[in-house]
Amino acid sequence: MKYVSTRGHAAGQGFTDILLEGLAPDGGLAVPEQWPRLTRAKLDAMRDLAYPQLAFEVIRFFADDFPGAGLKAICERTYTKEVFGTPEVTPLVTLEENLHLLACSNGPTLAFKDIAMQLIGHLFESVLERQGRTLNVLGATSGDTGSAAEHALKGRKGVRVFMLSPRGRMSPFQRAQMYSLDEPNIFNIAVEGVFDDCQDVVKAVNADAGFKARHAIGAVNSINWARVVAQVVYYFKGYFAATRSNDEPASFAVPSGNFGNIFAGYVARRMGLPVRRLVLATNENDVLDEFFRTGRYRPRRAAETHETSSPSMDISKASNFERFIWDVVDGDGDKVRWLWAQIGEKGGFDLSREKEWEKVEEDSGFVSGRSTHADRLETIRRVKRDYGVVIDPHTADGVKVGVRHRERGHPMICLETALPAKFEATIVEALGEPAPRPPGFEGIEDRPQRCEVMRADPEAVKAYIAARAG
Ligand SMILES: *Cc1c(COP(=O)(O)O)cnc(C)c1O
């Protein structure tokens, strides 16, 4: 499997080459030259596999330059009951006939990001060790990504993590998950500002090519290809659990922000998994819903991004979206470059005027919808009342929109992307009482916390990293 850039210029690279990289040198994202296609016999053989074996079978398609025995061992070490709470890793919870939740949030930080991040922790360690290198991961987080990355990379050989978070802007639970970590290779920097200020500092540090090379600065952000690949696995797992045979199509509803999670579902569909609809749900930040309804992609400015009660979906542009558009235009890198130039020049592009729009509407499987704060509260209440299950506000966005796109006789699988315990204030607002906490998380807000408080100043952050980098 060779990888190319969505903007057409980068030479074919292997999985190991792109594992530690962010953007391709031409500014695009890494994508596989072609999609692996599963035969019916292969799909049938995968149906009854346990999660770690299923993960190995899916991921090996995309990582054929990674030693097979090593990859198998990593999948077996990552996807365990000890790390994810159950041997199924992502168990299916049936609400009623043909309506399910896929529980993707039982990892160490209680959000679906653990599923990919835990694998990345092992992959990074393995590659760095083999190549005799070290890596200093620099990132910005609004909450879930940072804690998932820190919990996956803590104690790993050859890796240090420098994570910027907006001071005082995360939920008390999220803050405790990051700042109470007492690990010599984890450095939390609380920036005086909002998430976009953190992101700008990361961009400024990365723009200093000399600094970046000198200190082996890397990333684990949402464009990391290995994260997408790891997420493809639970679409297979959820599909097999919700259907009796590979003749039955099933649909997925996915609370979306950076388009990483649902794009993994699209990849599964391209591989031949019988996915009927991919229901994309946004909150009030509806850039993606607008695209799938109208063909217009119009990223918002940071100042136009609403702060909502499903904060992990508060995005103004969807970084993985370029991978989807690349596929829609049949891998034409020049066209992708032209469309993204339109974003720079005119603030967006309108695909409905291009011949490819028909493909999006007829063949891609995507449909979409949005929800509001009031919808989330109502959905949380309704799911509790009708099924006795407490869902988090992001999952509620997905359930709200997913239910609207249900079709008789076809299973709808709603992805649970976080546990409600992480977003206590909204749960109390909806239900009048907090969500139950999983064992081990009682009173985490009371544990001692440490972090470095800094201004949003790239030079200060560089000096901090230079003094502590591995
Ligand atoms: C990150 C996140 C999302 C959005 O996922 P994308 O891959 O960015 O589309 C949704 N819900 C929760 C809880 C998240 O942490």
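**Sheet.** I looked up the strand order and got an open sheet of six strands, β3-β4-β14-β9-β10-β13, with mixed pairing. Strands here are DSSP E runs of at least two residues, helices are H or I runs of at least four, and both are numbered from the N terminus. Two strands count as paired if DSSP finds at least two bridges between them. β3 (92–96) and β13 (366–370) are the edge strands with a single partner each, so one side of each has no neighbour in the sheet. I get an average twist of 25° from one strand to the next, with axes as lines fitted to C-alpha atoms (for helices over the stretch in contact) and angles from 0 to 180 degrees between N-to-C directions.

**Ground rules.** I am working on a predicted model, where local features need pLDDT of at least 70 and side-chain atom pairs count only at pLDDT 80 or more, while totals for chains, interfaces and linings use all residues. Numbering starts from 1 along each chain as its sequence is written, and side-chain values use heavy atoms, leaving out hydrogens and water.

**β9 and β10.** I zoomed in on this parallel pair: β9 (250–255) and β10 (275–282) are joined by five bridges. V254 has L280 as its bridge partner in β10.

**Cores.** I searched for nonpolar cores, meaning sets of buried Ala, Val, Leu, Ile, Met, Phe, Trp, Tyr and Cys joined through side-chain atoms within 4.5 Å. Buried is under 20% relative accessible area, exposed is over 50%, and partly exposed is in between (1.4 Å probe, protein chains only). The largest core holds 107 residues, with W225, F236, F259, F291, F321 and F324 making the most contacts inside it. Helix α11 (225–242) gives the largest share, 13 residues. Domain 1 (3–15 + 29–84 + 111–224 + 448–468) and domain 2 (95–106 + 229–431) each supply at least three residues; the bounds come from an automatic or database domain assignment. A separate core of 20 residues includes L101, A253, V399 and M412.

I also listed the neighbours of F259, with contact as heavy atoms within 4.5 Å. Skipping residues up to four places away in sequence, F259 touches L280, L288, F292, A318, N320, F321, F324 and F366.

**Cysteines.** I found zero disulfides in the whole structure, taking a disulfide as two cysteine sulfurs within 2.5 Å. The C75 sulfur is 16 Å from its closest cysteine sulfur, in C104, too far for a bond. C75 is buried at 0% relative accessibility.

V89 has a positive phi of about 65° without being a glycine. V89 sits in the loop between α5 (81–84) and β3.
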